[in-house]
Amino acid sequence: MTINKATHGHWSSRFAFILAATGSAVGLGNIWKFPYITGENGGGAFVLVYLLCVVLIGIPIMIAETMLGRRAQSNPIEAMQQLTDEAQADKNWRYLGWLGVIAGVLILSYYSVIAGWASAYIFKDLFGSFFGIDATQSQTLFDNFTASPIQLIFWHSVFMAATMWIVAKGVNNGLEKSVRFLMPSLFVLLFLLVGYAMTTNSYQQGLDFMFNLDFSKLTGNAILTAMGHAFFTLSLGMGAIMVYGSYLPKDVSIAKTAYLIAAADTIVALLAGIAIFPLVFEHGLHPASGAGLIFQTLPIAFGNMTGGWLMGMLFFVLLVFAALSSSISLIEPAVAWLVENKNFTREKACLWTGLGTWFLGLGTVFSFNIWKDVVFFDKNIFQLLDYLTANVMLPIGGFAIAVFAGYIMKREHTESELQMPCTQSYDVWRILVRYVAPASIFLVFLHVVGVLG
Ligand code: TRP
């Protein structure tokens, strides 16, 4: 297989990589998904497990995945093939690249539909739909919107087209610049929303929900969801960070960048939760209302505070941008593979992957209306896709990445690639990636399938 390294660009600096990787990490996962799954899984104890997973599993695997990409300097499928050859390992390791490419496409198919909701909400705000709105009206607004396949398809199409257009232009072009102002603005807006939440009577109740530990609510599935979310929110386990790592200059410290990215990502998620739960309780909404949670709560805040019209618009615009900088990393592995290994032009690769993903997304669109009642194992198509990717495929991918980096790659290679400031930190990473991360993933799986009771 020939690979055209000339098509393989590089970030202009360490800062550019941090921006892009943070852009990939921070997205709907933090602002839309984290609050609603926290609500569904009972709050504090779930949040604690999620934080533990970020530190003990997420960060070491993020270091490992970035390292694999940088060492191989190519797309996940090709990277796994090269690294397998270098380590003279079993050929089957190359399927890891495939698993990632498929997971990315599946995730993007529903990610784009939800990002479409956020896009539609920019205009709902603009046209004053939130003015003076109460909880019931906000729920009706959301229900009517999601009941319409045409509207959902329209916004899903707009978002997919925007994603593929950016990807077609190449990763280093469009993206670096936009994330630079996006992340700080998103932080500011979230802080303002937290400030608003503080003015409500339910602020303390919201905090209690998020941080008081009640382990009775922590089912096996809740633990799996928390772990899956650690992968999802950090963009791990499917090759996105591997591709970004492959564009990383050789002299950059991978570990330090990983801490920064994980910290920024976690802070955004916690701020989103702190902003949203007080509103949920203040307006008598239910924390476990599911995927619509932020779309039902935030309009009430925007519709009733001074300057809310402007803030609402800014918020949803920023959310869509944050989603865009994530969605491009979901499809980049597939596109890079088609371009580097199958001689597609970038445009053609984008067109085909985009159309395929768009089509798959219809399953999610219909899960909220005409196929609402099509359920398998108690889950509609959207929930099934989310479960399969976040709770199954990403942890399996992450497990394999940890094992590959910890056992298959030669110690000299990982040590020289990581260039940790001291041997102790290298050793800590190696213990996490060899024992702690794989064992935790394995135990959580065993627990869910019932072997551990
Ligand atoms: N991390 C993003 C979010 O939280 C979603 C995402 C982007 C992702 N790229 C990924 C998830 C790769 C898993 C794998 O919104």
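Author: First, the residue classes: Ala, Val, Leu, Ile, Met, Phe, Trp, Tyr, Cys and Pro count as nonpolar, Asp, Glu, Lys and Arg as charged, and the others, Gly among them, as polar. This is a predicted model, where local features need pLDDT of at least 70, side-chain atom pairs count only at pLDDT 80 or more, and totals for chains, interfaces and linings use all residues. Residues are numbered from 1 along each chain as its sequence is written, and side-chain values use heavy atoms, with hydrogens and water left out.

Reader: By class, what does the lining of the second largest pocket have?

Author: A pocket is an open set of points on a 1 Å grid over the protein atoms alone, where a 1.4 Å probe fits, with protein on both sides within 12 Å along at least five of seven lines; lining residues have an atom within 4 Å of a point. Phe15, Leu19 and Met183 are among the residues lining the second largest pocket. By class, this lining has one charged, one polar and nine nonpolar residues.

Reader: Which helix gives the largest share of that lining?

Author: Helices are DSSP runs (H or I, at least four residues), numbered from the N terminus. Helix 8 supplies five residues, the largest share of the lining of the second largest pocket. The name is helix 8.

Reader: How much space lies in the largest pocket?

Author: Its lining has 29 residues, with Tyr36, Glu40, Gly290, Ala291 and Gln383 nearest the centre. Helix 16 contributes the most, five residues. A volume is the space filled by probe spheres set on the grid points, which are joined across faces, edges and corners. For the largest pocket that space is about 700 Å³.

Reader: Where does the ligand sit?

Author: A cavity is a set of points where the probe fits but cannot get out. A molecule sits in one if more than half of its atoms lie within 2 Å of its grid points. The ligand sits in the largest cavity.

Reader: Which side chain has an N or O atom 2.5 Å from an oxygen atom of the ligand?

Author: Polar contacts pair N or O atoms within 3.5 Å. A ligand oxygen lies 3.1 Å from a polar backbone atom of Leu28, and a ligand nitrogen lies 2.8 Å from one of Phe232. The side chain at 2.5 Å from a ligand oxygen is that of Tyr111.

Key
Helix = DSSP H or I, 4+ residues; strand = E, 2+ residues; numbered from the N terminus. Polar contact = N/O pair within 3.5 Å; in protein donor to acceptor, adjacent residues only side chain to side chain.
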